[in-house]
Every structure is written in structure tokens, then in C-alpha cells.
Amino acid sequence: MNIFTHLIAESTHISEKSVNATIILLDEGCTIPFIARYRKERTGNLNEIQITQISEQYERLKEVQKRKETILKSIREQEKLTPELQKRIEDCWDSTELEDIYLPYKPKRHTRAEIARQKGLEPLATLIMLQRDSAPQRAAERFVNDDVKDTDEAIAGAKDIIAEQISEDQQARNTVRREYKRDAVITSKVIKKKEDDDEAQKYRSYFDFSKPLKRVSSHQLLAMRRGEAAGILRVTISADDEECIYRLKRQFVRGNGPCQKIVGEAAEDAFKRLIDPSIENEFAALSKDQADEEAINVFAENLRQLLLSPPIGQKRTMAVDPGYANGCKIACLDAQGNLLHHEIIFPHPPKRYYAQSTISLMRMIHDYKIEAIAIGNGTASRETQDFVNDAIKEYQRQYKTDKLPSVFVVSEDGASIYSASETARKEFPDEDVTTRGAVSIGRRLMDPLAELVKIDPKNLGVGQYQHDVDQKKLKHELDLTVESCVNQVGVDLNTASPHLLQYVSGLGPQLAKNIVDYRRDNGAFTSRAQLRKVPRLGAVAYEQCAGFLRIPGARNPLDNSAVHPESYHVVEAMAKDSGCTVAELIKDKEKQKHIDIKKYVTAETGLPTLTDIMQELDKPGRDPRGAVEEFHFDEHVHSIDDLTEGMELPGIVTNITNFGAFVDVGVHQDGLVHISQMADKFVSDPAKVVHLHQHVRVRVIEVDDRRHRISLSMKGVAQ
């Protein structure tokens, strides 16, 4: 076990044995979902969160190691690398401390101190820094020459060198850091000439804002930084200057005298000109990183909930993309999501062909045997929902049937992005963007995960300041989230799109395309073993992906389960010992109950894997996402003008942030349930109270027509 294992175990509080096993598996090319699901014995039953922690720490330490090698090379080339310095660098694993150690050896720009050194003033600076000479002005006379016109210039140059030395001292920097950590204040002021701009009004709360940095929430910090980037706000972070200067003087000034006075002045200059701006930048970056991390975590959790939204499944679905002047775009889909028919109806003003639209809708429901209707939640959504419900009542009356389609409102976020994408053009080369958008709305109801993976998560309408955070870190976290969700649910090998397949453990875009091409050329897969025939899908990729791919109706029923092919022999042994086939064992719950899994423990297969196998035999291929529920808005509320304070309404949670949850109550403008209004008790995290798409009841506490803001409460409201 190496130093990485020890450091990661120490920071994550996971055993070194488990950390080491996980690192080995990661180095072998195993994915996090695969390790979590199929290598429990080796990792000590670690979950995805723990494995992700290890993976991220491992990558961070590798980056620090690379930086150390660069620093050692640089100092070695300067011929300044001593054994003691090399050991300090090699023993350091904190990136901030590492940069502090390197700072005195870092190649200098054209600094004031460097100019003074070139004038030969470093010996004078060393003499003054010793603080033993009682007449530094007289000592400075020896340094007056063609480059240094008088003793004042010599002293000033020496002072610049001393200031730089102080600014590069690790203890000095840590002194200022401690003050920042303890008492730093973040201040935001509006830039005067921008104060009355319309764009600036959204930042009004930060026109004159000041708060201790350690108490600023992530959304406040990101809002200020966005305002700063827009040229509306000026944001600064500062500590107690006098206290910092006092502490630096205590560290570097020894006694009283002319040299001490110069060193004191240099310490003050070092703080104001060099250390303070550097540490302010450091804390600005650090606080931004922390805010980014919080925002990214919120976004990732929202995305997870969105992707794991319950599907309605394989039902013949009508998708309705609502609109006024341009009409409502209708797309009728078969149970597999294939487009059967599309047309436009005009049930709303300005055209309002209500009767004709009703007849058209009833005809499509009848002709295409529609079982579910998905209505987009954008413009005219409520009016369209009312129209559809009325049309269904008329359909029931005319056709004398109680077999009616269920109606659902579906988020449109990202549908327009998808409809104009290359992906949509490839899927529907002969259809326009409106048809593609309607199809996407319908497919989101049928299988949210399969449809939403086609869209950049940033366009899915969940998250907090996602365009302001570190985009590389955001993409990494969201990719991990999508991968986790796809593999948690499992993928139908014969129907999955390449976009869905590329997130399956061990695949990626090229192998996903190869699978789809093979399926097209050779017909549907009948067994997982056929995957070995897919071009470039080797043994490692097969091992990683096979357990997450499902084949409904396969000859071997285990091919439609989460049991990995490497464990098929275990199930076959269980079936043989039970006197039946594998298929019979899966159907016979009584036989399953009588299996003693301890009998099947081997060096390779332990109790964690055997427990997973038994759960899978009980419910093979079970979808963990649950069932979709119908929802109805208050029929008397259609616009913000219909809202009054004190009114209680049903709503759907559309987004969760650190400061509360947004709820759609059916008025084309989501309301905010602030974190302080979420429950009758203290709430530290909104995600612990509500989840995405949850059906809730809320009370209206304020309606701000001018700013189009609705404030809601869940306090004292029966859920």
C-alpha cells in the first residue's frame, strides 16, 4: 500500500484495505457503478458515494504529485535544491502549502524587488534585515552608483527586497490567512453609473452588501460574482488590515531603531502591496470553489431525481406542445416511442377553432388507441390541459367508454434545445423542430431517463447558478450522475439509443454506436453473449457493461436481470440443487426461500454478491423508479392574477436550491417556498423536506406583480 492509500484512508475514514482495493480496480479501468455493484467483496462493500470519494481524492493527489515533480525540476535547474527542501516538498500534499514553499524559487516577473537586486541592493537589504546596524543611511552610501542616485533610493530598493522576502515567507502568509479565515468580510457595492439600469435591478439586494465571508451562502456568493462579471457590482474580500500589519511587525521587527523602522515599513508594504491582494485572490477563489461545489452538488442531486422520475412505460402516448397563435402541436407515438402521426390544432385564441380541435383530438385518441397524454408545461399549458380534459369527457360521452387516457403535465425544459440538435435531426430528418419537440415531450413521459440523456443537463431547468460555476467540474459531476442513474436503472439492449448506451458502464460513444450498428445489421440481441461479436467490444468492456444491459424475452432469463454473467453458474447451481431450471427458480418464490446462500460462498463469490443475486431472483429486472402519479392543478387558478394571499393550492416541485424550493401552481410562474417556510421546524437542507416533482400543497403568502414573484409557504399546510 502506498502513500496515496494512506492519505485517502485518513481523509475519508475508509479502511486502507478498501481504499487500496478500490484504487487497484480504478487503475484496471473499472467504472464506479461496476465496482459498487459487482466488486463488493474486494472493496468491503463500499457504496458509489464512497468509491467516488476515493476516485476524486486519488485524481487530486495525482495532480499534486505532478505539480511536485514540476516544482522539484524547476528548483533543481536553479541549483538551489537542498536535501531538506526536497524532503519538505516530497512530504507536502497540500497544494496551497506546496505553492508557498515554491514561492521564493518561482521565476520572478519584472518586480520592484528584482529591479533592486539588479542594482546590487540585496546585500543592503540583508544588512537591514539583521537589524543590528544603528546607521543604515550611512551603510547605504556604499551602494550609491550610476544606477542608484542617492541613499534614499538605496534604502527604498532594499525595502522592496525585504517586502518581497516577507511576502514569500510561509509563516507570514499563514498569519494573514488565519486572519482571513477568522474575520474576512465580503463586501459588494453597485457601480454608480449602473445603479438605474434595468439589468442591475435583479442585483439590488447586493448594491450595498457586507457580511462575514464564512456566513455567506453559496447562492449569495454566486449571485455577487455574476453581478461582478456583468460589470454591475464591485466585490471585495478583506480582513482587519491593522491586525494583520501588527502581527507581521511582531514577527519580523526585533526591538527599536532605524533598521527596525525600515523593516516595519517593509512589512506594512509587503502586506498592502503583495500579501493582502494575493490572499484576497486566494480566498476569493477558495470561497468560489466552495460555492461551486455546493451548487454543483445541488444540481447533481436535482438531476438524479429528474432522471429517476417514474416512467409511464410502454403506453401509446399523445404528446401536446401547447401554444396560442401557432397552435398546439400534436404527436402520436406507439408504445416504443415511434412517431405515428402529427398535426396542429388551434383550440385557443387568436384563431380558436375549439369544436374542430375537439373533434381532431378525439379522432386521434380513437385512431391511435392513445393510453396517455403528455402536455408540455410551457405557454398555454393550463388552458391546453383544460381543453384536453373537456375533450376527453366528450370522447367518453360519444364513444360510451370508460377506457380513457390519463393526462400528465411534463416539463418542456430543454425540448427546444433537443429539437434543434443534430441528434434530433438524425432521429427525424424529415420533420421540423416543432414536431421533434412534441415527440420529446411524449417520450419524457414514457421514459424520462432515456429521453433526457440526449440533452445537456444544464438545459434541463434544474440547478442553481449552473452557468456560473466551474464548467469542467460541473460536467464531470453531471456525467457521473447520469452514468450512475443509467446503470442503476439498467438499459434495454434492443431499444436503447446510442445516447443512452454511451453512459452504460464500460461503453462510451464509439462502442454505443457499434452496438446500435450491429443491432441494425443483425437484428435484436437474443443473449448478452452476443455482445462479444460487436466490433471493438473486448473482454474488459464486456465485463464492465454486461450486467447493466437487459434483454427482455431472452432465452436465458438471467439476461434480463442484474445478475452478472460471471455469476450465472452460481444461479445454475442453486437451480440444480433445488431440482428445477433457472426459469422455474425465478418464478418459484418458495424454492427461493429455502436456498441457504452460505452454501454457495467461494473465494470469488461472497455473501454481498449472493444477497444481491437473491434480491434479483425475487424481482428480476425490477425498475427502481416507482410509478408515475397523475396531478391536477386548482381548476380556479390559471394566472398570477388569480392568486390571493392565504390561498392554499396544490403544486409540483420543479427545482430545489440551497435557499428553498420552486413550486409550479399552474400560473406560468413558479413560486418560491423559502427554506424558512418549508416546515414548522428548522430546516437546514430543502432536499431533506421535498424532492423533485413531488406533489405538495402550499399557501400563498405574497404576490409581487411588478417583479413577477410569488412567495409560498408549506408551514401549517397539511400535505
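A salt bridge here is a side-chain nitrogen of Lys or Arg within 4 Å of a carboxyl oxygen of Asp or Glu, and the structure, which is a predicted model, holds 49 of them. One of these joins the side chains of Glu-566 and Arg-39, with 2.7 Å from N to O. Because this is a predicted model, local features need pLDDT of at least 70 and side-chain atom pairs count only at pLDDT 80 or more, whereas totals for chains, interfaces and linings use all residues. Residues are numbered from 1 along each chain as its sequence is written, and side-chain values use heavy atoms, with hydrogens and water left out.

**Overall make-up**

- The protein chain has 29 helices and 15 strands, where helices (H or I, at least four residues) and strands (E, at least two) are DSSP runs numbered from the N terminus.
- Along its principal axes, the C-alpha trace of the protein chain spans about 110 × 70 × 50 Å.
- Of the 719 residues in the protein chain, 50% are buried; buried means under 20% relative accessible area, exposed means over 50%, and partly exposed lies in between, with a 1.4 Å probe and protein chains only.
- Among contacts (heavy atoms within 4.5 Å) in the protein chain between residues at least 6 apart in sequence, 64% join residues at least 24 apart.

- Asp-160 is buried, with a relative accessible area of 12%, and Arg-273 counts as partly exposed at 27% relative accessibility.
- Arg-625 forms a salt bridge with Asp-447, in which the closest N and O atoms are 2.8 Å apart; Arg-625 sits in the loop between helix H29 (607-618) and strand E11 (648-657), and Asp-447 in the loop between helix H20 (433-446) and helix H21 (448-452), so that distant parts of the chain, 178 residues apart, are linked.
- Arg-625 is buried, with a relative accessible area of 9%, and Asp-447 counts as partly exposed at 26% relative accessibility.

- Glu-179, Arg-182, Asp-183, Glu-243 and Arg-247 are linked in a network of salt bridges.
- Asp-241 is found in helix H14 (residues 241-252) and is partly exposed, with a relative accessible area of 34%.
- Computed along the sequence, Asp-241 and Asp-276 are 35 residues apart, and their C-alpha atoms are 8.5 Å apart in space.

**Helix packing**

- Helix H5 (residues 48-77) and helix H7 (residues 95-102) pack at an angle of about 5 degrees, with their axes 11 Å apart; axes are lines fitted to C-alpha atoms, for helices over the stretch in contact, and angles run from 0 to 180 degrees between N-to-C directions.
- H5 and H7 are therefore roughly parallel to each other, a class that covers angles under 35 degrees, while those over 145 count as roughly antiparallel, 65 to 115 as roughly perpendicular and the rest as oblique.
- Val-64, Arg-67, Lys-68, Ile-71, Ser-74 and Ile-75 in H5 meet Leu-98, Glu-99 and Tyr-102 in H7.

**Strands**

- A closed barrel of five strands runs E11-E12-E13-E15-E14 with mixed pairing, two strands being paired if DSSP finds at least two bridges between them.
- Strands E14 (residues 695-704) and E15 (residues 709-713) run antiparallel and are joined by five bridges, and Glu-702 stands opposite Ser-711 in E15.
- Strand E1 (residues 185-190) is joined by five bridges to strand E2 (residues 208-212), the two running antiparallel, and E1 also pairs in the antiparallel sense with strand E3 (residues 233-238) over six bridges.
- Ile-186 stands opposite Lys-211 in E2, and in E3 the bridge partner of Ile-186 is Ile-237.
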